[in-house]
Amino acid sequence: MTEPRITDLAGALRDRAHPAVGVWNRLEGRPRTTDFDRALRAEVRDALWLLTRQWQLGEFQGADAGSPVTARYAITTSTPGRFRPEGGPAEPLPADRPLETVAERRPLPFVSGSERTSFDLRLALGRRWRKLVSDPPVFRAHDVPEQFTARYPVALPDPADEADSALVAHPEVWATMQALAGRRMDGYLLYQHLKAGGRASDGIDLPGPHRAALDALAPRLTSWFDQLIDQPTGVTAERPDGDATWNARRLEHSFAVSAPAPGGGEQVLTAAEYPGGELDWYAFSTDPGGSLGGTGPTPVPAGRTVFPAPVGYAGMPLPRWWALEDGNTNFAAVTPDSTDLARLVFLEFALVFSNDWYQLPCDVPAGTLATVQGLAVTDVFGQRRWITPAGTGERQDWQRWSMFTLGADGGTGLLLPPGTPKVATGPALQDVALVRDENANLVWGIEQTVQLADGGPRGGDEAAAEHLAQRRRLHPPGPVDEPHADVAYKIASPVPENWIPFIPVHVPGDTRSVQLQRAAMPSEVDGTPVRPRTALLREGLDAGRPYFINEEEVARTGTRITVAFNRTRWRDGRVVVWLSAQRATGHGERSSGLTFDVLTDTVV
């Protein structure tokens, strides 16, 4: 079938005889010539007007300067060799592990009060030792592994004993303890015995000629565990935590390192407010009068010629005429107030002085304190200038402003900490939130996550409810005397047992300054004080000392502290594991619902 031919197109469209007919228009440009050179010249018809505008905008006021072409810098490098925790003695800085490990490591919690904990690590030590003593046939012939299991046993908790409530209250822990009791060895008891100077053969029935071979295996166990998890060293009666840097009063790490200074002596850098996590140069400040008693090799001078590269950022004005910004950063949309000086200074830098900055590559090894001595810059006019660090020379203004320095004294050194680019952090074993409760006029330490005796974490609310239920089974309520009143008076309403109160008290010798002291709420079962279960809030409790926190450390947003294991690899490929605490910002205020002088109905 062929399409009919339309002879009268106008009539067909008017009468709509063929609905399939479509009409469209097309607009096309027709160039007058094939040469685009003149169009690309962007000719100016009124050159005098453009020159006048350039004069009005100050573009004719040139500066006696040129763009840098090459630069040669001179620096001196030194390696930090001394380390000192706050309040402790200085010691050599270990070179076989990252600085984060030395700065953050904390002792492993094997005991909480009188209760044994961390049975996962206790069993790991026991399995390791049983494997060592099971290989020689003579040890198996004399049942040496079984003797160690009997000498260092995992005791079965007593459900009727108040002291074992924490081991019996939680179903998983109770089931684990039932499976381990009498079958596995508590290796940490042997580890403590060996560390205290004892011998592995003490209390073991073994013929004399083989006891020396058994004692020779002890260093293999202690060295294996010491390398497995890094812990603080230098433990004494005065410092039970050794060289741990955690400041429980300020809720942060505090330590110092030192390196040889370019002019002789040593340069001390302090990290007084390190929250944990990522350790970088900005965590340190110079301590001009400090000394860690270190003597090291003279700083090594180094120099290098590099090509400066302009600094660029999103939204930066482009220098070429026909180039347009991408529009992702619209500085024109910023509308600062006349009193917003910071925003005005930022806009002036971004729009006027943005092309005045250059960056130079400077490669230094990790774990190096680099000090800039000077910079020789050659510009496009062939002129060469020697530039010294800001603040040096005859005139130094103490009110000057500077960036990327380690202190107000204008120190030009920059520390590249001996750390690692990536650290794997495990799940939080302890999680404490310090929050303000304006209704109760208290600060609460909420144990959001606690570490159970088997080493695993558990929600604080859930663990507190299970422990409370176990204590209620041990202390059932007595008979109620009848008749009784229709209402009952309570001095205060109950609060979950994982909420530990901190009350404001005066700083000794000061009638205005306030600090926060750990207190205790009475238990719902027998009215005894409820004690915290996390090592973070048990600070000084086992030694009978009070625990204070600086009042300014708990802002309105709150403070969150977590304890978790960290794992990384050092430069030689060795795995490094340590337990650390990290501080972060909280999520605001919370209400405990605590009320006083409460009347409750007793008639249902």
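Phe-225 is buried in this predicted model, because its relative accessible area is 1% and a residue counts as buried under 20%. This residue is found in helix 12, and, leaving aside its neighbours within four places in sequence, Phe-225 is in contact with Leu-108, Phe-110, Leu-125, Tyr-191 and Gln-231. Another residue to look for is Leu-121, which is 104 residues away from Phe-225 along the chain, although the C-alpha atoms of the two are separated by 9.5 Å.

**Helix 5 and its two partners**

Two packed helices are described by the angle between their axes and the distance between the axes. Helix 5 (residues 119-134) and helix 12 (residues 218-228) pack at an angle of about 145°, with their axes 10 Å apart, and the crossing of these two helices is right-handed. On the side of helix 5 the contact is made by Ala-124, Leu-125, Arg-128, Trp-129 and Leu-132, while helix 12 contributes Ala-218, Arg-220, Leu-221, Trp-224 and Phe-225. Sorted by class, the contact of helix 5 with helix 12 has eight nonpolar residues, two charged residues and no polar ones.

Helix 5 also meets helix 10 (residues 187-195), and the axes of these two helices come within 6 Å and cross at roughly 75°. Helix 5 and helix 10 are therefore roughly perpendicular to each other, since angles of 65 to 115 degrees are counted in that way. Here Arg-122, Leu-125, Gly-126 and Trp-129 of helix 5 meet Gly-187, Tyr-188, Leu-189, Leu-190 and Tyr-191 of helix 10, and the residues of this contact divide into six nonpolar, two polar and one charged.

| Partner of strand 18 | Direction | Bridges | A bridge pair |
|---|---|---|---|
| Strand 21 (residues 499-506) | antiparallel | four | Gly-445 and Ile-500 |

Strand 17 and strand 18 form a hairpin with four residues between them, whereas the hairpin of strand 18 and strand 19 has five residues between its strands, with Gly-455 in the turn having a positive phi of about 95°.

**Positive phi values in loops**

Which residue lies in the loop between strand 17 and strand 18? Asn-441 has this place, and its phi is near 55°, a positive value in a residue other than glycine. Asn-441 is exposed, because its relative accessible area is 55% and the cut-off for exposed is over 50%.

Asp-143, which is placed in the loop between helix 6 (137-141) and helix 7 (144-151), likewise has a phi near 55°, a positive value in a residue other than glycine. Is Asp-143 buried or partly exposed? Asp-143 is partly exposed, because its relative accessible area is 42%, a value that falls between the cut-offs of 20% and 50%.

Terms used. Residues numbered from 1 in each chain as written. Predicted model: local features only at pLDDT ≥ 70, side-chain atom pairs only at ≥ 80, totals over all residues. Heavy atoms only, no water. Pairing = 2+ DSSP bridges. Axes fitted to C-alpha atoms, helices over the stretch in contact; angles between N-to-C directions. Parallel < 35°, antiparallel > 145°, perpendicular 65-115°, else oblique. Contact = heavy atoms within 4.5 Å. Nonpolar A, V, L, I, M, F, W, Y, C, P; charged D, E, K, R; others polar. Buried < 20%, exposed > 50% of the residue type's maximum accessible area, 1.4 Å probe, protein only. Left-handed = near helix turned anticlockwise from the far one by under 90°.
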